[in-house]
Amino acid sequence: MLQNKRRSNTVSLSILGLTSLLILTQIGIILYAGNPLCLNEGCEIVEQLTLIPPLYINIAGIIYIQMLFWILRSSRKTGDPSYRLYQLLLLAGMAAEAVLISFQYLIADTFCSYCLIIFGTIVLLNLSAGIQQFFKAGVLFCTILITFSSLQFKQPSAAGSLTEGVFARRPGAQVTPQLQLFFSAHCEHCENIIAQLNSMPSLSVTFHPIDTITRFTLNRAEQTGEYSTAANRQILTTLGIKEVPVLFVQEEETVLVIHGERKIHEKLLQLSNPVEKEEAALEPAADEPEDASTVSAVDDGCSVEGPCEEEFQIPGLENSPAY
């Protein structure tokens with residue numbers, strides 16, 4: 001019996017050692033490249049849905065694994081306090097992995113391969129600790145998964161959030177596609193896009209500010225009176241978008257989300273009719289938005305959390321939106 005426990009502990013210590021090397025390698029990649037190593041697209045999707053940066057998650061992971069390693073190494077027999085603490089920490093790890101796996105399965109609708117490797121490690125450690133420990137871990141995992149499955153994570157009011165956040169509407173000859181522009185009152189890139197829309201009267205657009213607007217002037221724009229900036233921010237947060245401007249292009253049941261001045265500029269040119277394209281080409285350079293080819297791919301938007309560093313005034317365009 002004692003020999004079996006020692007063999008089991010040796011296997012568990014080996015698993016913990018290899019897992020520690022894996023996590024340390026991931027931390028090194030994050031520090032060197034800035035992003036974790038993703039073995040599949042699911043890793044990138046799950047990463048965008050987490051509030052804690054991957055570096056901190058991996059640091060917490062290496063601390064947890066090392067705690068298991070040293071506690072198990074110091075235990076003498078199955079019934080001593082250190083081994084019971086080891087078993088308790090294994091159940092805690094299984095609970096955490098159950099939440100992550102349930103989230104990926106029910107909400108993200110994809111799995112992170114790196115997370116699955118860590119999950120497999122926790123399962124093997126519980127199995128190595130004995131059938132009774134493995135049974136407890138299995139019951140805990142199934143309980144959390146069933147509880148997650150019984151919950152509704154979609155906000156009932158999410159479909160109406162677009163309506164709640166409408167500050168102004170500008171009707172145009174083109175009814176479809178429906179355009180919704182999310183912008184900030186202090187973003188020069190947003191000013192450029194609104195100036196471009198001002199020269200494209202055929203496009204129907206609704207405007208969704210993420211902060212309070214004190215003055216807004218746009219040809220044929222109709223203000224709604226009441227609007228919710230919180231609803232607009234919630235939509236962007238849900239989509240993991242941290243910069244404006246953002247344009248929603250909705251046609252039938254398909255919604256295309258475009259963010260960044262350059263891409264929105266190009267999309268609006270595609271949507272505008274040929275006459276407007278020719279007129280835009282004949283306008284003086286000072287009266288039209290910055291050309292897409294000169295817009296920096298890096299500095300292409302403003303943070304949702306704060307204004308751009310430089311205030312901006314569109315030269316020569318008296319009817320541009322003002323705040």
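User: What should I know about the model before reading it?

Analyst: It is a predicted model, where local features need pLDDT of at least 70 and side-chain atom pairs count only at pLDDT 80 or more, while totals for chains, interfaces and linings use all residues. Residues are numbered from 1 along each chain as its sequence is written, and side-chain values use heavy atoms, with hydrogens and water left out.

User: How many helices and strands does the protein have?

Analyst: Helices (H or I, at least four residues) and strands (E, at least two) are DSSP runs, numbered from the N terminus. Here they come to eleven helices and eight strands.

User: Let's turn to helix pairs. At what angle do α3 and α4 pack?

Analyst: First, the general idea: axes are lines fitted to C-alpha atoms, for helices over the stretch in contact, and angles run from 0 to 180 degrees between N-to-C directions. Angles under 35 degrees count as roughly parallel, over 145 as roughly antiparallel, 65 to 115 as roughly perpendicular and the rest as oblique. In this model, α3 (residues 54–74) and α4 (residues 81–108) pack at about 155°, with their axes 8 Å apart. That makes α3 roughly antiparallel to α4.

User: Is the crossing of α3 and α4 left-handed or right-handed?

Analyst: A crossing is left-handed if the near helix is turned anticlockwise from the far one by less than a right angle, and right-handed if clockwise. The crossing of α3 with α4 is left-handed.

User: Which residues of α3 and α4 meet?

Analyst: Contact means heavy atoms within 4.5 Å. On the α3 side, the residues are Tyr64, Met67, Leu68, Ile71, Leu72 and Ser74; they meet Ser82, Tyr83, Leu85, Tyr86, Leu89, Leu90 and Gly93 in α4. By class, this contact has ten nonpolar, three polar and no charged residues. Ala, Val, Leu, Ile, Met, Phe, Trp, Tyr, Cys and Pro count as nonpolar, Asp, Glu, Lys and Arg as charged, and the others, Gly among them, as polar.

User: How do the axes of α4 and α5 cross?

Analyst: The two axes come within 10 Å and cross at roughly 145°, and α4 passes α5 in a left-handed crossing. Among the meeting residues are Tyr86, Leu90 and Glu97 in α4, and Phe119, Ile122 and Val123 in α5. The contact of α4 with α5 divides into twelve nonpolar, three polar and one charged.

User: And where do α5 and α6 meet?

Analyst: Helix α5 (residues 113–128) and helix α6 (residues 131–149) have axes that come within 7 Å and cross at roughly 140°. That makes α5 oblique to α6. Phe119, Val123, Asn126 and Leu127 in α5 meet Gln133, Phe134, Ala137 and Phe141 in α6. Six of these contact residues are nonpolar, two polar and none charged.

User: Is serine 113 buried or exposed?

Analyst: Serine 113, in helix α5, is buried, with a relative accessible area of 17%. Leaving out residues up to four places away in sequence, serine 113 touches Leu39, Asn40 and Cys43.

User: What does leucine 13 touch?

Analyst: Leucine 13 sits in helix α1. Not counting residues up to four places away in sequence, leucine 13 touches Phe69, Leu72 and Arg73. Leucine 13 and phenylalanine 69 are 56 residues apart in sequence and 6.1 Å apart in space, C-alpha to C-alpha.

User: Last one: where is the cis peptide bond from valine 244?

Analyst: That bond runs from valine 244 to proline 245, with omega near 10°. Proline 245 is in the loop between β5 (243–244) and β6 (246–251).

Note on methods: Buried < 20%, exposed > 50% of the residue type's maximum accessible area, 1.4 Å probe, protein only.
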